[in-house]
Amino acid sequence: MLSGKRYNTLNDELFKIFGEKVSKIAIDGGFTCPNRDGRLSYSGCLFCNEKGSGDFTNFNLDIEKQIDSQIEINKRKWKTNKFIAYFQSFTNTYADIDTLKLKYENAMSRKDIVGLAIATRPDCFNEEIYDYLEELNNRTFLWIELGLQTVSEDTAKLINRGYDLNTYEETIMELKKRKIRVVTHLIFGLPYEDKVDMLNSVKYLAKTNTWGVKFHSLYIQTDSRLYDYYLKESFKLLTKEEYVDIVSIAISYLPREMVIHRLTGDANKKLLFKPEWSCDKLGVISSIDKKLKELDLYQGVNYNSNM
Ligand code: SF4
C-alpha cells in the first residue's frame, strides 16, 4: 500500500488513479429522504440526525457556492487541485430524473471536479436513474454509497432502516451489472448486536465484494432519536478498545482490493452525547493501525477462511 498501511485506503486508491492527491467535498444537495418525509416513515433511521448524516455540509448555500467554499478550504488544508463532489446529506437519488441531472451536472461543471460520489438508499432507484448513472459513470469517476449498516433483519427493523436485505442485493447487482462502483456503509455497535453479529455483516460484505466500504462507530448525538432511545433503554455502547478490535478483525476478512473509505465515525463535538472517544477520529485510526500490527493482520489475510 502506498501509505504503508495494512489496508487499502481511499487516499491510496485515488492517488493510483489520478496520480495526485484528490480530496472529497461534502455537499447538501437539498434532498430529503423517504424514511423521513412520510413515504416510508416520518421517524427516519434510529441514528439519523437533523442533517440526515451530513453534519459537515451547508444547506444554506447553493451547490456552486458550497463547492467554491469547500474547494478553497481543501486547497489550503490538503494542497489538492482535484476534487470529488460528494452528495452526502439525506437520500441523493430521491428525486425525479430532471432534478437529479440538474444537481449532478451542476456539481460537475467545474474542471477541477474529477468525480462524483452519491450517498443514497437501495430503494431509491428506477430504470431511468440506473440508465443515467451508467451514462454518467462512462464520463466521470462515479461511486454510489449505500447505507446497509447491518445484515441482521432484526436490527434493521429495530433501527427502522425501512428496506430488507433483498432490496440491497438487487440494487448492488444492478449497479455492478452497469459497472458502477458501490460503497457499503456498516455501523458497529448498533443496539444489542454482539461481535459475532458485526463480523457476520463484514463477512457478508466481503462475499458481495462491493468496490468499497465505510465502517462507522455508533455514537449518540442529542439531535437524533437514538438519544431518547438510549435514555430509555440504556443499551451497551462499544468501548474504544472493543471497536478497535472489531475493525481490525473486520479488515482481515475483506478482499485485498476492496477500498476502505472510512474506519470510524466522525461525531459532531457540539452534539455528541456518548461515547466520548468517537470524537477522536485520528486517535481511533492510530489505535487500529497499532492493533493490526500487534495481531499481525492485513486486509485480506482471512478472506479465504470466509469462503
Ligand atoms: S436513510 Fe439516511 S437520511 Fe434517511 S433516515 Fe436513514 S440515515 Fe437518515
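Ala, Val, Leu, Ile, Met, Phe, Trp, Tyr, Cys and Pro count as nonpolar, Asp, Glu, Lys and Arg as charged, and the others, Gly among them, as polar. By these classes, the lining of the second largest pocket divides into seven nonpolar, one polar and five charged residues. This is a predicted model, in which local features need pLDDT of at least 70 and side-chain atom pairs pLDDT 80 or more, while totals for chains, interfaces and linings use all residues. Residues are numbered from 1 along each chain as its sequence is written, and side-chain values use heavy atoms, without hydrogens and water.

**Second largest pocket**
- A pocket is an open set of points on a 1 Å grid over the protein atoms alone, with protein on both sides within 12 Å along at least five of seven lines; a cavity is a set where a 1.4 Å probe fits but cannot get out, and lining residues have an atom within 4 Å of a point.
- Of its 13 lining residues, Glu-193, Asp-194, Met-198, Lys-236 and Leu-238 lie nearest the centre.
- Helix H7 (195–208) and helix H9 (240–253) are the elements that give two or more residues to this lining; helices are DSSP runs (H or I, at least four residues) numbered from the N terminus.

**Cavity**
- The structure holds one cavity of 30 Å³ or more.
- About 40 Å³ of space lies in the largest cavity.
- Leu-238 also belongs to the lining of the largest cavity, with Tyr-243 and Trp-277 among the other residues there.
- That lining has seven nonpolar, two polar and no charged residues.

**Ligand**
- Ten residues surround the ligand, each with a heavy atom within 4 Å of it.
- The closest are Cys-33, Gly-44, Cys-45, Cys-48 and Arg-121.

Methods. Points joined across faces, edges and corners; volume = space filled by probe spheres on them.
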